[in-house]
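Subject: Handover of a structure

Dear colleague,

Please find below the structure that I am passing on to you. A summary of the findings follows it.

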Amino acid sequence: MEKLVSSWNNVQTVPEKYIFPPEKRPGNVTFNASKSIPVIDLEAIASSQDRDAIIQKILKAGEDFGFFQVINHGVAEDLMNDTMSVFKEFFELPEEDKTSFYCEDAMRNNHCMLYTSSLLYATEDVHLWRDNLRNSCHPLEECIQHWPEKPTRYRHVVGAYAAEVKKLSATILELLCEGLGLEPGHFGGKLSEIPSLLVNHYPPCPDPSLTLGVSEHCDPNLITILQQDSDVFGLQVLKNGEWIGVEPISNAFVVNMGYQMQTIWIIYVENKNFSLLQDFDG
């Protein structure tokens, strides 16, 4: 537990194990939030004409960025705010209330795990400046019984949130199915399950120029649905060798296409180009 960054009081310097090599440090560069990441309104999704337009916007965002944000997505704003508040309350709990969830073993299959940096903490060369709380979500009814009981509303609020985000995920995946010309429900079943809900907690850092909260990466799954903290800007997308800041928008979710979806996307683009070539040759 003493390894949790959030448990350190009044830390004045960044510990050596958290200092990244010079070529990987963020430095003192200020990254401004960009409005270039598409924001897609899902409110009119029930209308067939509007649905087609929404699908085309998603496909365009996928091709251009692999990222987009969604608004009017059906998850209540109060629930989103309550969930963020509950997570913050959890990290502010006394150490004894969090000890049972602390884990450093990547092979353990706990329904709820609390750790710092990553589950490879013992072997990684440099640590990330973050604490992470991983909540297993499938099957949700069973997993909830192993989640924190403090704060007292944790299971109720986070459980409701996980259920609503799962519905949103299924909706977006079905829109992608239609846009990519796949059979309805192609991403259903196990492909659409949300195995876990991860909470990244970034405590104040005495020198952010030396360390990172999360290294550059691509998620391995189909899609990731992310709620940004509207008070803290940090999420960035790499496009054409340039890091673009994703503007935090109140009551919005960021949708990130992972490796699995990228692979399917490549096949879709190749098939589309082949079809166009056939039409041209014909």
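In which loop is Asn-72 found? Asn-72 sits in the loop between strand 3 (67-71) and helix 2 (77-91); helices (H or I, at least four residues) and strands (E, at least two) are DSSP runs, numbered from the N terminus. Although Asn-72 is not a glycine, its phi is positive, at about 50°.

This is a predicted model, in which local features need pLDDT of at least 70 and side-chain atom pairs count only at pLDDT 80 or more, while totals for chains, interfaces and linings use all residues. Residues are numbered from 1 along each chain as its sequence is written, and side-chain values use heavy atoms, with hydrogens and water left out.

Confidence

The protein chain has a mean pLDDT (the predictor's confidence in each residue, from 0 to 100) of 88, and 92% of its residues reach 70 or more. Over residues 274-282 the pLDDT is below 50, and this stretch has zero contacts (heavy atoms within 4.5 Å) in the model beyond near neighbours in sequence.

Cis peptide bonds

The peptide bond from His-138 to Pro-139 is cis, with omega near -5°. Pro-139 belongs to the loop between strand 5 (131-136) and helix 3 (140-144). Lys-150 and Pro-151 are also joined by a cis peptide bond, with omega about -10°, and Pro-151 lies in the loop between helix 3 and helix 4.

Helix packing

Helix 1 (residues 48-64) packs against helix 4 (residues 154-179) at an angle of about 90°, and their axes are 9 Å apart. Axes are lines fitted to C-alpha atoms, for helices over the stretch in contact, and angles run from 0 to 180 degrees between N-to-C directions. The two helices are therefore roughly perpendicular to each other (65 to 115 degrees; under 35 counts as roughly parallel, over 145 as roughly antiparallel and the rest as oblique). In this contact, Arg-51, Ile-54, Ile-55, Ile-58 and Leu-59 of helix 1 meet Glu-174, Leu-175, Leu-176, Glu-178 and Gly-179 of helix 4.

Cavity and pocket

The structure holds one cavity of 30 Å³ or more. On a 1 Å grid over the protein atoms alone, a cavity is a set of points where a 1.4 Å probe fits but cannot get out, and a pocket is an open set with protein on both sides within 12 Å along at least five of seven lines; lining residues have an atom within 4 Å of a point. The largest cavity contains about 40 Å³ of space, a volume being the space filled by probe spheres set on grid points joined across faces, edges and corners. Its lining consists of Cys-137, Leu-140, Ala-162, Ala-163, Lys-166 and Ile-194, and helix 4 gives the most to it, with three residues.

The second largest pocket has a volume of about 250 Å³. Among its 15 lining residues, Val-5, Ser-6, Trp-8, Pro-203 and Pro-204 lie nearest its centre.

Yours sincerely
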